[in-house]
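Have a go at each task before you read the worked solution.

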Amino acid sequence: MTTTATQDPRETPGAGRPAREHASSSGTAGASGAPGAALAVLPGVLASALAWTDAHRTRFALPDDVLEPHTQVNATLKPLGELAQLGSTIRRTTAPGAPEHEVAGDLVAYAWEQLHEGALLLELLRAEPFAAYPYEIYAAFAGYGLRHEGFEALARPLTATRAWAHTEQHANRQLGLVNSERRVGVVTHTDAGGVLSRTWLGGLSEPWMFEGPSGYALTHTVFHLTDWGRMPDRVPKKIDGYLRTWLPAWTDGCLESGQWDLTGELLAVAASLPGPAPAELLDAVWPVLADVQHPTGCVPETGVPVQDPAPDPYPFIDCYHSTLVTAFAAALSLRSLRQTDARTDETTPGRERHTP
């Protein structure tokens, strides 16, 4: 995922819309939004972000020289892997038959086609048996049910090596590898609990030490721990309480500095917690992010949102990830809020149960 440094939107060239300037320069997460404010904007935010992604799907296409040593992985395979990962989660989180469900499925199928249904990942693994990224990209598809027998036949002995078990990487990255192994269905190379305890989040770090890199490390720790929001019950109780306490302050700081991509990831974390949705936080922040979203559906990573009505107001590289993250977080937030409403309907005497 993209990591961006903290940036003051007032230092970004270009004029934003007056309402959006206010949203990006004044914190709102600490204040209560109107009850139901998130549910009022989320369906539109999700549909719009997915529509933009679908309209730009060819920008995720792999170049013919993708296997050449000079090709930049971060500009080719990484965006495609993110499309597959977030698209598959949106597909699993939305209701069958819903337009967003179908679009997300089409995007995952497109990404799989770009990888020649796994054959290209097999070539990458043969060329770089020491690299984890081909396996992690493959795991996004394997968790969705798309498999390549040849890739798994080669990966099986490689992931049993001492080198694989002792690859030196940050704890949250190692947790991602553990989750990838779970998705593929092999024995994990280490215990996830031990790895979690070595992360910034697992150590319950002082909340005032939060900044850009630690923020992205935190969000990805939760994503890997919960399998991208699919298994909220994997979040330990003490971490759940810590996140519910400090997410409002961290999100408020991201809004003040115009960090829309990280804001989206924090919203996805909030929607991945076990139990009731943190509705007050979601109601306060989602209307702000909805206002940042361009009418075409894209969302900038950072800075003052532009007023330009052009079909592509931002360079693709500066908005594809934040747009995908917004769609991902919106799908998880809708699920979390609706599940909370359903629980309330079942436990409130005299209240008629309904489905939003």
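Tyrosine 314 counts as buried at 11% relative accessibility (buried is under 20% relative accessible area, exposed over 50%, partly exposed in between, with a 1.4 Å probe and protein chains only). Before going on, note that this is a predicted model, where local features need pLDDT of at least 70, side-chain atom pairs count only at pLDDT 80 or more, and totals for chains, interfaces and linings use all residues. Residues are numbered from 1 along each chain as its sequence is written, and side-chain values use heavy atoms, with hydrogens and water left out.

**Exercise 1.** Find where tyrosine 314 is and what it touches.

*Solution.* 
- Step one: go to the loop between helix H14 (279–292) and helix H15 (320–347), where tyrosine 314 is found. Helices here are DSSP runs (H or I, at least four residues; strands are E, at least two), numbered from the N terminus.
- Step two: list the contacts, meaning heavy atoms within 4.5 Å. Leaving out residues up to four places away in sequence, tyrosine 314 touches Cys298, Pro300, Pro305, Val306 and Cys319.
- Step three: check one distance. Proline 300 is 14 residues from tyrosine 314 along the chain, and their C-alpha atoms are 7.1 Å apart.

## The whole chain

**Exercise 2.** How many helices and strands does the chain have, and what share of its residues is buried?

*Solution.* 
- Step one: count the elements, which gives 15 helices and zero strands.
- Step two: take the burial figure, 54% of the 356 residues.
- The chain exposes about 15,400 Å², with 54% of that supplied by carbon and sulfur atoms (Shrake-Rupley method, 1.4 Å probe).
- Step four: look at the contacts with a separation of 6 or more; residues 24 or more positions apart account for 74% of them.

## Two packed pairs of helices

Two packed helices are described by the angle between their axes and the distance between the axes.

**Exercise 3.** Work out how H12 and H13 are arranged, and which kinds of residue make the contact.

*Solution.* 
- Step one: read the geometry. The axes are 9 Å apart, at an angle of about 160° (axes are lines fitted to C-alpha atoms, for helices over the stretch in contact, with angles from 0 to 180 degrees between N-to-C directions).
- Step two: name the arrangement. H12 and H13 are therefore roughly antiparallel (under 35 degrees is roughly parallel, over 145 roughly antiparallel, 65 to 115 roughly perpendicular and the rest oblique).
- Step four: find the residues. H12 brings Leu243, Leu247, Trp250, Thr251, Cys254 and Leu255, and these meet Trp260, Leu262, Thr263, Leu266, Val269 and Ala270 of H13.
- Step five: sort them by class. The contact of H12 with H13 has 10 nonpolar, two polar and no charged residues (Ala, Val, Leu, Ile, Met, Phe, Trp, Tyr, Cys and Pro are nonpolar; Asp, Glu, Lys and Arg are charged; the others, Gly among them, are polar).
- Step six: check the cover on H13 (residues 260–270), where 11 of 11 residues are buried. Among them are Asp261 and Glu265.

**Exercise 4.** Which residues does leucine 332 touch, and which does threonine 221 touch?

*Solution.* 
- Step one: leucine 332 lies in helix H15 and is buried at 0% relative accessibility.
- Step two: not counting residues up to four places away in sequence, leucine 332 touches Thr89, Thr93, Trp228, Gly229, Ala268, Ala271 and Ser272.
- Step three: threonine 221, in helix H11, is buried at 1%. Leaving aside neighbours within four places in sequence, threonine 221 contacts Asn172, Leu175, Leu196, Thr199 and Leu201.

**Exercise 5.** Where is aspartate 227 found, and is it buried or exposed?

*Solution.* 
- Step one: aspartate 227 is in the loop between helix H11 (212–225) and helix H12 (237–256).
- Step two: aspartate 227 is buried, with a relative accessible area of 5%.
- Step three: the phi of aspartate 227 is near 55°, a positive value in a residue other than glycine.
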